[in-house]
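Work through the exercises below with the structure in view. Try each task before reading its solution.

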Amino acid sequence: MLDNLNWWEIGALLLLALLIFGDRLPAVITDGLRLVRNLRNMARNATGDLSRELGTDIQLEDLHPKAFIRKHLLSEEDEAAIRKPLQGVYDNLRADVSGVHNELKDVANAADPRSNGTRSGTATGTPPAPAPRASYDDAT
């Protein structure tokens with residue numbers, strides 16, 4: 001939770017809290033901790049009630065709509081059927097991106113002044129011919 005704060009920022013926040021709340025700071029901290037504890041208990045009770053109603057074991061992380069549907073409503077066959085049409089598109093996109101990545105790497109190597117004139121092309125200095133790409137019409 002406090003991963004993006006350094007020690008100086010945390011100290012400044014504590015000093016600011018001390019200035020704002022003064023002598024009441026311990027009571028405010030106690031009330032805040034009690035509130036967090038009550039919220040956790042409410043969430044735990046709600047997941048327990050939901051687990052009893054549905055007859056399955058539900059964790060708090062499973063209450064996200066995508067995770068809930070994936071875990072409790074879809075079977076593995078249903079999920080595979082949903083993913084199947086998109087898998088081909090994903091594979092084509094991944095191949096295109098890796099091709100573009102390789103081409104950019106070749107261009108960067110060719111334009112690099114530290115390469116001492118050595119290029120990845122042929123001995124005559126001409127760049128290699130690009131590989132033919134599969135179009136969207138070929139995949140459908």
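**Exercise 1.** Find which residues make the nonpolar surface patch, and which helix gives the largest share.

Solution. Leu13, Leu16, Ile20, Phe21 and Val28 make a nonpolar surface patch of about 420 Å². Patch residues have over 30% relative accessible area and no salt bridge, and nonpolar side chains (Val, Leu, Ile, Met, Phe, Trp, Tyr) are joined within 5 Å. Areas come from the Shrake-Rupley method with a 1.4 Å probe. Helix 1 (residues 7-21) gives the largest share, 4 residues; helices are DSSP runs (H or I) of at least four residues, numbered from the N terminus.

The model is predicted: local features need pLDDT of at least 70, side-chain atom pairs need 80 or more, and totals for chains, interfaces and linings use all residues. Residues are numbered from 1 along each chain as its sequence is written, and side-chain values use heavy atoms, without hydrogens and water.

**Exercise 2.** Decide whether leucine 13 and threonine 47 are buried, partly exposed or exposed.

Solution. Buried means under 20% relative accessible area, exposed over 50%, and partly exposed in between. Leucine 13, in helix 1, has 47%, so leucine 13 is partly exposed. Threonine 47, in helix 2 (residues 25-54), has 10% and is therefore buried.

**Exercise 3.** Locate the salt bridges.

Solution. A salt bridge needs a side-chain nitrogen of Lys or Arg within 4 Å of a carboxyl oxygen of Asp or Glu. The count is 2. Arginine 34 pairs with aspartate 31 at 3.1 Å, and arginine 52 with aspartate 49 at 2.2 Å.

Technical notes. Patch = residues over 30% accessible without salt bridge, like charges linked within 9 Å, V, L, I, M, F, W, Y side chains within 5 Å. Helix = DSSP H or I, 4+ residues; strand = E, 2+ residues; numbered from the N terminus. Buried < 20%, exposed > 50% of the residue type's maximum accessible area, 1.4 Å probe, protein only.
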